[in-house]
Amino acid sequence: MASSTAKPFVFPGLPISQSLLPIPADPKRSLKLGAGVQHVPPSTITATSPGILRIDDKKNVVWVENNHRRYVSYPGDLVIATVLRSAAEQFFLQICPHSPTVLLNHLSFENVSRKTRPQLNTGATVYARVLSVDKHLETELVCFNPSTGKADGLGELKGGMLFDISPGMSRRLLLQKSKEQGGIAILDILAEKLNFELAVGLNGRLWIDGSTVRETMAIGKAIQEIDQGALDIEKQRKLAGRLLREIGKG
Amino acid sequence: MAHSVELDVLPDADGSCRFSMGAISVLASINGPLEVQRRDELPEEATIDVAVRPSAGLAGIRERFFEGLIHKTLKQVIKTKQFPRTLIQITLQITASPDIDAIAGRPHQAASLLYLLPSLLNAAMLALLCSSIALSNTFASTVIILMPNGEIISAPSIQQIQTAKSIHVLAYTLPGDLILVESEGSFDIHSWEGCLITGKDQCLGNLSDNSNPASAKALHTQFRELIEARTMHSESWRQNIDV
């Protein structure tokens, strides 16, 4: 999407003006409505949530972006979930505090059969992808890529620590070029000096496994600080420098 | 009476807000969609649970009465059909309320304290706008009083409320629909219509008189500006990035 100076703010209850919506090259292609937008027949589009209206002209999609605290699941999202209990066929997991449980089939892992099903205990942390979301059914997760059958890094997260961040921050961290597109430079700077593994869940959870607990804590706290303080790249550099000095790797 | 608003005051709630107006202060928190208890579960829509807590003592009949009115009003703006079999929990804690009964010499239990209602409703509305719950609309609520001499006063002080002949609480949605009217006292149809017009001006801006728009910003405009500022802050990292 080309840069646009106008980033329209939309508010629930008011129709979104036709001039803001993308004009498809092919008039037969329908407009797709993403999160936070609804269609009111016959031809009005209104926002259901306050935020910035984002438009993808190529895909002909509109959606509303905002940084809400509670994550709303969407198919294809990567999430970090906690195992609550195991049943005959599936695990019951939780992706947000107090929210309805989600399902993960025992066979939704790489290279498993009925005889080699994974053993996940209550409290285990799982990195998974959202497979299906339906308001009338329970959300289902998978721990492998359905098209290749490979795990692609999904599965149980052993060791490490979980940190809470805002869903908006996790979206930024998961961008393909998180530095150029998301304005996150700290990971690249820290990776030059430290060894750590990191998994980002769009549900606002961040899992980090550093070589020591101290390093894990330091990285997690730094990312939370960037999230809360809306630090720019320059401030992130300073923060990373201070952090590395504190743990003696500066 | 001017009001002041603080958004996201509670770190763990999905949406929260402190709404203060004069001597009234309300802390609102919204959580949802959450897992619902079996007995409260609705198959086609979300259950809305409103809890009003007084500044002192236990919640009683008056708080139940407020809860009923707030529930009815919020149900009209929340898209409950989007989250079937879930719970949306709304807690409204009154942190400060004027000690009107002590001055009036009435027993505390007997007063309905209707003038607290707009603060409760506005706090709930702003907290909802901070949460991720889908809304079909937004509203703003205000209190209007009718004096014995027939004068209509918007945003009255506590002293004025005490001497009022009747008190009216109104809530208007953004397109200008009236979604809540609650009146107390004696009044006639003409003065009531006058109250409606004054209330609509308070909530939506002066529609009849465009000559003096700067005098007082409508509640809706103020709410919108607050939420816009909040969104712009969380999106501020985007400023130097060409996405």
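Reply: The crossing of α3(B) and α6(B) is right-handed, and this pair of helices is the part to look at closely. Keep in mind that the model is predicted. In chain B, α3 covers residues 117-130 and α6 covers residues 219-234. Their axes are 11 Å apart and the packing angle is about 30°. Angles under 35 degrees count as roughly parallel, so α3(B) is roughly parallel to α6(B).

Next, the residues that touch. From α3(B), the contact uses N122(B), L126(B), L129(B) and C130(B). On the side of α6(B), the partners are L219(B), F223(B), L226(B), I227(B) and R230(B). Sorted by class, the contact of these two helices holds 7 nonpolar residues, 1 polar residue and 1 charged residue.

I186(A), L187(A) and L190(A) of α2(A) meet I219(A), A222(A), I223(A) and I226(A) of α3(A). This contact has 7 nonpolar residues, no polar ones and no charged ones.

To place that pair in chain A, look at how the chain is divided. Its domain assignment gives domain 1 (9-65), domain 2 (78-157) and domain 3 (161-246). The centres of domain 1 and domain 2 of chain A, taken over C-alpha atoms, are 33 Å from each other. An unreviewed UniProt entry carries the annotation "domain: K Homology" for residues 160-213 of chain A. This span is 30% helix and 30% strand, and its end C-alpha atoms lie 8 Å apart.

Some details of the backbone remain, beginning with chain B. G32(B) and P33(B) are joined by a cis peptide bond with omega about -5°. P33(B) is part of strand β3, residues 24-35 of chain B. R85(B) is not a glycine, yet its phi is positive, near 60°. R85(B) sits in the loop between α1 (61-75) and β5 (86-96) of chain B.

Chain A also has a cis peptide bond, from P41(A) to P42(A), with omega near 5°. P42(A) is found in the loop that runs between β3 (37-40) and β4 (44-47) of chain A.

Note on methods: Residues numbered from 1 in each chain as written. Chains lettered and ligands numbered in written order. Predicted model: local features only at pLDDT ≥ 70, side-chain atom pairs only at ≥ 80, totals over all residues. Heavy atoms only, no water. Axes fitted to C-alpha atoms, helices over the stretch in contact; angles between N-to-C directions. Helix = DSSP H or I, 4+ residues; strand = E, 2+ residues; numbered from the N terminus. Parallel < 35°, antiparallel > 145°, perpendicular 65-115°, else oblique. Left-handed = near helix turned anticlockwise from the far one by under 90°. Contact = heavy atoms within 4.5 Å. Nonpolar A, V, L, I, M, F, W, Y, C, P; charged D, E, K, R; others polar. Domains from an automatic or database assignment. UniProt positions renumbered as here; feature names shortened; annotations may be inferred.
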